[in-house]
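Q: I have a structure open and would like to learn how to read its features one at a time. Could you walk me through it?

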Amino acid sequence: MRLDDRVRATLMHATARWTVRHGDVLRFAGSDLPAPERIRVPTRYGHVPAHVYRDPSWGPGPRPAYVHFHGGALLMRYPEMDDFWCRYLVAQAGVVVVNVDFRAGPYVSYPVAQHECHDAAAWVAAHGDEVGVDGDRVAVGGLSSGGGLAASVCLQARDRGSFRPVLQVLGVPALDVASEPEPGPGMVSPALRRLVRRVYFPDPESRREPYASPVFAPDLTDLPPAVLLTAERDTLRVESDLYMARLRDAGVRVVHDTTPDADHYFLSDDLVRAAGTMAMVARQVRKHTSDPVSGG
């Protein structure tokens, strides 16, 4: 790894808690919930922390779950950046949210984060009773690089037969780290994408592997239904549109929502539009995690 790349990635990693502010204006629901419980979840690389959000007013009995993977270009380890999203889904979708604190570059490289996210979600499905979760009603999702991780987790879960997510929520996901990024003025710049490739995907051959770049998965059948959120001016939209088309061709149901005239931080520009988008996601999460007997 080049010294200048390591320095830049280390600074991004270390300063995320002060530089990431996109969620401050998006706390539409759940702000009154208590601080999440912090647990440690086993993975093949050892235990990783996870933040478990729930509503203390819920009655007894297991709840459905949503396992979340935060953004940050795989170079920031700061799950709190999506605290607004986690709280909202607890309040509006009625799910326990498990926000995974996976490791990121420059301290690890591919496939560590992808494997840790899969293993954490699989643990929730298999051992959910330890955190009050019904393991048969587990959705997964993420924003930005976390959306790419959610897509990867679904592929891994299918291929390994480890668990069956009931839904995947892919918010402005990063789904192709192999193709040369197109030049443009967007928030996700070619320079940033090349930095991510050099730091987190140093082996060029690995970048086309399906768990790194889900758009290159040869088979997308038998994956869970998807909610795909894109932004009109986001440079990642092209790969999202391609993935959506391939999912639909494979018979996977996709609910697609595009925020017009928005870049990668698509929820922050128009708060009225953002509230509607987040409400739609909550409805989909509630629908797919509902108990088919009781109706949720």
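Q: Is Arg-27 buried, exposed or partly exposed?
A: Start from the cut-offs: buried means under 20% relative accessible area, exposed over 50%, and partly exposed in between, with a 1.4 Å probe and protein chains only. Arg-27 has a relative accessible area of 37%, so it is partly exposed. Keep in mind that this is a predicted model, where local features need pLDDT of at least 70 and side-chain atom pairs count only at pLDDT 80 or more, while totals for chains, interfaces and linings use all residues. Residues are numbered from 1 along each chain as its sequence is written, and side-chain values use heavy atoms, with hydrogens and water left out.

Q: Which residue forms a salt bridge with Arg-27?
A: A salt bridge here is a side-chain nitrogen of Lys or Arg within 4 Å of a carboxyl oxygen of Asp or Glu. For Arg-27 the partner is Asp-83, with the closest N and O atoms 2.6 Å apart. Asp-83 sits in helix 2 (residues 83–93) and Arg-27 in the loop between helix 1 (3–19) and strand 1, so the pair ties together parts that are 56 residues apart in sequence. Helices (H or I, at least four residues) and strands (E, at least two) are DSSP runs, numbered from the N terminus. Asp-83 counts as buried, at 11% relative accessibility.

Q: How many salt bridges does the structure hold?
A: There are 19. One of them joins the side chains of Arg-197 and Glu-180, at 2.8 Å from N to O. Arg-197 belongs to helix 5 (residues 190–200), while Glu-180 is in the loop between strand 6 (168–171) and helix 5, 17 residues apart. Arg-197 is buried at 11% relative accessible area, whereas Glu-180 is partly exposed at 47%.

Q: Which residues are linked in a network of salt bridges?
A: Look for Arg-2, Asp-4, Asp-5 and Arg-198.

Q: What does His-68 join by a polar contact?
A: A polar contact is a pair of N or O atoms within 3.5 Å; within protein, one must be able to donate a hydrogen and the other to accept it, and residues adjacent in sequence count only if both atoms are side-chain atoms. The side chain of His-68 makes one of 2.8 Å with that of Asp-82. His-68 lies in strand 3 (residues 63–69) and is buried, with a relative accessible area of 0%. Contact means heavy atoms within 4.5 Å, and His-68 touches residues including Trp-85, Val-98 and Gly-142, leaving aside those up to four places away in sequence.

Q: Which members of the largest nonpolar core touch the most other members?
A: In soluble globular proteins, nonpolar side chains tend to be buried together. A nonpolar core is a set of buried Ala, Val, Leu, Ile, Met, Phe, Trp, Tyr and Cys residues joined through side-chain atoms within 4.5 Å. The largest one here has 99 residues, and Phe-69, Trp-85, Leu-89 and Tyr-243 touch the most other members. Helix 3 (residues 112–127) gives the most to this core, with nine residues.

Q: What should the 16 residues of helix 4 span?
A: The expected span is 1.5 Å times one less than the number of residues. For helix 4 (residues 145–160) that is 22 Å, and its end C-alpha atoms are 22 Å apart, which agrees. Of its 16 residues, 13 are buried, so helix 4 is largely enclosed by the rest of the structure.
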